[in-house]
Amino acid sequence: MPNLEFPRHLEKTFAEPRLVWSGQRSCVWMCKNGDNHDKLAVKLSPSALAETRALQRIEHENIVELVKLPTLPPNVVVTRWIEAPSLWTARGFQASLARFTEVLRPLAAAIAAVHKAGMVHGDICPDNILIGQEATGLKLIDFELAHFPGQPEQSTGQRSRGTPITISPECAAGNLATPASDVYSLGCTAYFLATGQPPHTGRTSIEICYKHLKLPCPPLKSDGLSNKLCTLVDQMLLRDPQDRPTIAEVAAELEVG
Ligand SMILES: Nc1ncnc2c1ncn2[C@@H]1O[C@H](COP(=O)(O)OP(=O)(O)OP(=O)(O)O)[C@@H](O)[C@H]1O
Ligand SMILES: [Mg+2]
């Protein structure tokens, strides 16, 4: 359980801290930059250094922007504050075709940029997507599990620890996420966007992870979406990572509609 008090030694750098999130390992405060009063998200987490390193390697209009400040302790990562609810908080709507592609296109573009940079996000889920009003308003956040396959020294050293409702079968089995795992998690997120429910539900995290590990996802049925888009989501959710489309293929399909 993280400490919910804003650390005294950060009060010179950050003004007016307001706690907005306390999770299993991290706390996030909305603060003002002590110098220019810009709004910032200040996250205290044991993986902050790895998250900072990952964000340093990527710049994209749909990815949260790292704010570089001198002499920050290694357990602090600072990003530009985004005034938008998460896709999870905004749940409850049935996606229209327009809404579905409006969210999925910039999200796929963000993940494609991550993969192009040689990185895997590792935790694509509705909680980690903040959705503003316009396409450029969508931001992918939370690079805590991001890693660079093939560069062990750059990885966070974490094994599977994704979000149960969007975890891939291979990560549920304890393997490190790959680009294909991000595609599966995007498929779960798309399924959630289309139906208001993730493909597998359960009473506990273990039960949900077990279903991802052992069971195929039910095919997506949605009145608002074309058969082509439903099939694309079903393909992202295939159990064998090699059978799933790449994120570039997903992005290209979404462009066509
Ligand atoms: N830049 C930001 N702007 C606005 N809100 C943010 C920002 N960064 C994080 N948040 C808020 O804080 C929440 C938690 O952040 P994040 O997803 O990075 O933490 P986490 O790694 O999931 O935490 P834990 O692993 O402890 O559960 C987000 O869902 C979002 O509501
Ligand atoms: Mg998160």
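Modeller: Start with pairing: two strands pair if DSSP finds at least two bridges between them. Helices (H or I, at least four residues) and strands (E, at least two) are DSSP runs, numbered from the N terminus. This is a predicted model, where local features need pLDDT of at least 70, side-chain atom pairs count only at pLDDT 80 or more, and totals for chains, interfaces and linings use all residues. Residues are numbered from 1 along each chain as its sequence is written, while chains are lettered from A and ligands numbered from 1 in the order in which they are written.

Colleague: Over how many bridges do β3 and β4 pair, and in which sense?

Modeller: Strands of a sheet pair through backbone hydrogen bonds, either parallel or antiparallel. Here β3 (residues 39–44) pairs with β4 over 5 bridges, in the antiparallel sense. Look for V42: V78 in β4 stands opposite.

Colleague: What is the strand order of the open sheet?

Modeller: The order is β1-β2-β3-β4, 4 strands with antiparallel pairing. β1 (14–22) and β4 (76–80) each have a single partner strand, so they stand at the edges with one side lacking a neighbour in the sheet. From one strand to the next, the twist averages 30 degrees.

Colleague: Which strands does helix α1 touch?

Modeller: Contact means that two C-beta atoms, placed from the backbone, lie within 7 Å. Helix α1 (residues 48–56) packs on the sheet and touches β3 and β4. Its direction makes about 40 degrees with that of β4. For angles, axes are lines fitted to C-alpha atoms, for helices over the stretch in contact, and the range is 0 to 180 degrees between N-to-C directions.

Colleague: How is the protein chain divided?

Modeller: Domain bounds come from an automatic or database domain assignment. Domain 1 covers 8–80 and domain 2 covers 97–256. Their C-alpha centres lie 25 Å apart. Across the boundary, 14 residues of domain 1 are in contact with 18 of domain 2.

Colleague: How many residues surround ligand 1?

Modeller: A residue is near a molecule if its C-beta atom, placed from the backbone, lies within 6 Å of it. For ligand 1, 19 residues qualify, and the closest are W21, G23, S26, A41 and D142. β1 and β3 are the elements that give two or more residues to this shell. Both domain 1 and domain 2 contribute to the shell, so ligand 1 lies between them.

Colleague: Is H200 buried or exposed?

Modeller: Count the other C-beta atoms within 10 Å: 20 or more means buried, 12 or fewer exposed, and in between partly exposed. H200 has 24 such neighbours, so it counts as buried. H200 sits in the loop between α4 (179–195) and α5 (205–214).
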